[in-house]
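Visitor: Could you take me on a close look at the salt bridges here, and then at whatever the aromatic rings are doing? I'd like the side-chain contacts in one go.

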Amino acid sequence: MPRLSHLLKTSLVLLLTAGSMHAAWADDDEGGGRWWGGSWGGGSRGGMVSNAPPQYKTECASCHMAYPAGLLPAGSWQNMMANLSKHFGNDASIDAASASAISQYLTSNAGTYKRVSEMPPENRITESYWFQRKHGKHVNNSTWARPSIGSPSNCVACHQGAENGDFNEHSVRIPN
């Protein structure tokens, strides 16, 4: 009987440890590419959330990729949407109805997990802690400067699935 009791205790400890390791891995900065069972994202923990208003692609993706809302916390999106006339050196002003729809989408689906808990300087995704941690040690300035990449904000240059929220590090292809 003592042997069976020991076996049950050991099994329980192993199960609890495995569960803890899985939970830690799911929110670990080194956990690997696609976040949370599929992709980057906010409330749905998916890539581009299906409830994205058409204005998001029309307005935002006319100048850059439509970044998944989960890449920034709600406060950053609120700041950004409140200052569209000074959007990273450009006037990105849009009509009030579109601004409202886009703001609602971004803040409702903003990142709420460990990786995006802080508001990065100037609300820049590329200045966030997790971006710096994932790219800073792997990508040097000469790589960002390549004409085929242009800047750290051009996610689709290396992450072919970026527009769908897929940033899997195993499918990264850095162009020449």
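Guide: Start with E122 and R124, whose side chains meet in a salt bridge at 3.0 Å, N to O. That term means a side-chain nitrogen of Lys or Arg within 4 Å of a carboxyl oxygen of Asp or Glu. Bear in mind that you're looking at a predicted model, where local features need pLDDT of at least 70 and side-chain atom pairs count only at pLDDT 80 or more, while totals for chains, interfaces and linings use all residues. Residues are numbered from 1 along each chain as its sequence is written, and side-chain values use heavy atoms, with hydrogens and water left out.

How open are the two partners? E122 is exposed, with a relative accessible area of 59%, and R124 is partly exposed at 30%. Those words have cut-offs: buried is under 20% relative accessible area, exposed is over 50%, and partly exposed is in between, using a 1.4 Å probe and protein chains only.

Helices here are DSSP runs of H or I with at least four residues, numbered from the N terminus. K134 counts as partly exposed at 21% relative accessibility, and E169 is partly exposed too, with a relative accessible area of 37%.

Now for the rings. Rings of Phe, Tyr and Trp (its six-membered ring) pair if their centres lie within 6.5 Å; planes under 30 degrees apart are stacked, over 60 edge-to-face, and the rest tilted. By that rule you get three aromatic pairs. One of them is Y56 with Y105, a tilted pair at 5.1 Å centre to centre and 50° between the planes. This pair links distant parts of the chain, with Y56 in helix α2 (residues 54–60) and Y105 in helix α4 (residues 96–108), 49 residues apart. Y56 counts as buried because its relative accessibility is 2%, and Y105 counts as buried because its value is 3%.

Next come W130 and F131, an edge-to-face pair at 6.0 Å centre to centre with 65° between the planes. W130 is buried, and F131 is as well. Ring pairs also bring in W144, linking W130, F131 and W144 into a cluster.

Note on methods:
Helix = DSSP H or I, 4+ residues; strand = E, 2+ residues; numbered from the N terminus.
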